[in-house]
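Hi everyone, thanks for making time. I'd like to walk you through one structure today, so please have a look at it on the screen.

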Amino acid sequence: MRCTSISKCSFLLPAIVLLASGMALAQSPTYKIGRPPTPEEYKTWDNVVGADGKELPPGSGTAVEGAKIYAAKCSFCHGKTGVEGPYPRLIGGKGTVNTPTPILTTGSFWPYATTIWDYINRSMPRDGEGTLTPNEVYSLTAWLLYKNDIIKETDVMDQKTMVELQMPNRNGFYPEIPESTTKNSNWKPHWNQAKPAPPAAPAAK
Ligand code: HEC
């Protein structure tokens, strides 16, 4: 079959369009829409708190204040004592992480108190995200830590005490993979290692 113009060769069109758009992409790295974010906008998005807590704002709180805030703003989703739900259980499970039926909570599982602060600050209460003040978030974090037997009811949680606190599961995660290990071709991450053979089926009678 011969075709003398593009319209006669319509079956070629998709290929031509793809080729052309590929060329356009390669030539122009911007799409000529939108604008770069302002430094203020960057600041409001760049609010993730890491383990070293350096992004934590000034403020403080204890479990005593946290209990009241929890009862008013959190208990109807997480349960009166943080155990009942309907939404994730926040309290308890101490010592269960390495058992066949682990109960993973902020107390038993999470390695850093600063992560609890960060999570509550950015995503709780659900449907009212971003409405809590820093002091309220410190108080709620303190309440969760107190109820998980990690601190005392009157211990003040602030930028300093939160970073110093050693959470029970602080060392329960796989450490960073050292470079020397990844260079070794025999090394496989644990999730790629062969699973142990399942137990043999009982002999037929
Ligand atoms: C409207 C219901 C609702 C309210 C109110 C609410 N939460 Fe949550 N919360 C959730 C849901 C749903 C999740 C699980 C979200 C997910 O895994 O994506 C969650 C997850 C969490 C987690 C993480 C639990 C885990 O181990 O993964 C914490 C901590 C938490 N909420 C704290 C709070 C605090 C503190 C408040 C009160 C300020 C609060 N929540 C209010 C629904 C709610």
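So, what percentage of the 205 residues in the protein is buried? It's 23%, where buried means that 20 or more other C-beta atoms, placed from the backbone, lie within 10 Å of the residue's own.

A quick word on what you're looking at. This is a predicted model, where local features need pLDDT of at least 70 and side-chain atom pairs count only at pLDDT 80 or more, while totals for chains, interfaces and linings use all residues. Residues are numbered from 1 along each chain as its sequence is written.

Now the layout. The protein has eight helices and two strands, taken as DSSP runs (H or I, at least four residues, for helices; E, at least two, for strands) and numbered from the N terminus. Along the sequence, the order reads α-α-β-α-α-α-α-β-α-α.

Let's zoom in on helix H5, residues 113–123. Its buried residues are Ala 113, Thr 114, Ile 116, Trp 117, Asp 118, Ile 120 and Asn 121. They pack against helix H6 (134–147) and helix H7 (159–164), with contact meaning C-beta atoms, placed from the backbone, within 7 Å.

And then there's the ligand. There are 17 residues around the ligand, and Cys 74, Cys 77, Met 124, Pro 125 and Arg 126 come nearest; to be near, a residue needs its C-beta atom, placed from the backbone, within 6 Å. Helix H4 (75–78) and H5 are the elements giving two or more residues to that shell. Which element gives the largest share of the shell? That's H5 again, with three residues.

Methods: A residue is buried if 20 or more other C-beta atoms lie within 10 Å of its own, exposed if 12 or fewer, and partly exposed in between; C-beta atoms are placed from the backbone. Two residues are in contact if their C-beta atoms, placed from the backbone, lie within 7 Å.
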